[in-house]
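Subject: Structure handover

Hi,

Here is the structure I promised to pass on. Please open it first, then read my notes below.

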Amino acid sequence: DANDGPYFKLPVPTFSFNENSPKGLVIGSVNALDEDRGPRDVLSYTVFIEDGTAISNLFEVDSLANLVLKTNHIFDFEKVRRVSVVVNVNDNSIKFPGALSANATFSIDIQDVPEGPRWPTPPIFTAVCRNDAINREIGQPFRNLVSDDKGSDTVTFSMGDAAGNEG
């Protein structure tokens, strides 16, 4: 009996995960099938970038056939909303005609996570005297110091004293 190659059940799923997720996050199962696989036959997986020309440095398949984040690369929804990878499975068979393989392309959606305004580092302190002129500029405009991931045009501030009392 000749070796039959492995295959991915179609349609392959689309996966998703939250932006800013940590290394090691399981994204989903890419488990391939091989109907004539024997007890010593081991399926091996390689993840390639979308065009299939190079091994991905962002994703890998673990020993349980799960697609996993491989690095601490930060996926930012505002910059990238979807990536695709080509997963190759090889049956490593020694039966005629030898090892066979199959490829499938998996799409991965990056999910947006609400992020609040970010203040610059180090913090900027500006003093205002009680007798200063009205509408006097007090350091850099706050609009240039605060950013959020939505490109919002509105930022609200309140004034207070060192004890936290508004006023």
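Four strands form an open sheet in the order β1-β7-β6-β3, and the pairing is mixed. β1 and β3 are the edge strands, each pairing on one side only. From one strand to the next, the twist averages 30°. Bear in mind throughout that this is a predicted model.

Now the pairings. β6 and β7 run antiparallel and are joined by nine bridges. β1 and β7 pair in the parallel sense, over four bridges. D109 is the bridge partner of S16. D109 is also the bridge partner of R82.

Next, β1 itself. Which of its side chains are buried? F15 and F17 are, and they point to one face.

Then the core. The largest nonpolar core has 25 residues. F8, V30, Y45, F59, L67, V87 and I108 have the most contacts inside it. β1 (15-18), β3 (44-49), β4 (59-61), β5 (66-69), β6 (82-90) and β7 (101-111) each supply at least two residues. β7 gives the most, with five residues.

Leaving out residues up to four places away in sequence, Y45 touches F8, V30, N31, A32, V61, A65, V87, N88 and V89. F8, V30 and V87 in that list are also among the residues with the most contacts inside the core.

Finally, the chain as a whole. How many helices and strands are there? The chain has zero helices and seven strands. Along the sequence the pattern reads β-β-β-β-β-β-β. The chain has 167 residues, and buried residues make up 28% of them. Take the contacts between residues at least 6 apart in sequence: 66% of these join residues at least 24 apart. The accessible surface of the chain comes to about 11,600 Å². Carbon and sulfur atoms account for 52% of that surface.

Best wishes

Definitions and conventions: Residues numbered from 1 in each chain as written. Predicted model: local features only at pLDDT ≥ 70, side-chain atom pairs only at ≥ 80, totals over all residues. Heavy atoms only, no water. Core = buried A, V, L, I, M, F, W, Y, C linked by side-chain atoms within 4.5 Å. Buried < 20%, exposed > 50% of the residue type's maximum accessible area, 1.4 Å probe, protein only. Contact = heavy atoms within 4.5 Å. Pairing = 2+ DSSP bridges. Axes fitted to C-alpha atoms, helices over the stretch in contact; angles between N-to-C directions. Areas by Shrake-Rupley, 256 points an atom, 1.4 Å probe, with all protein chains shown as cover.
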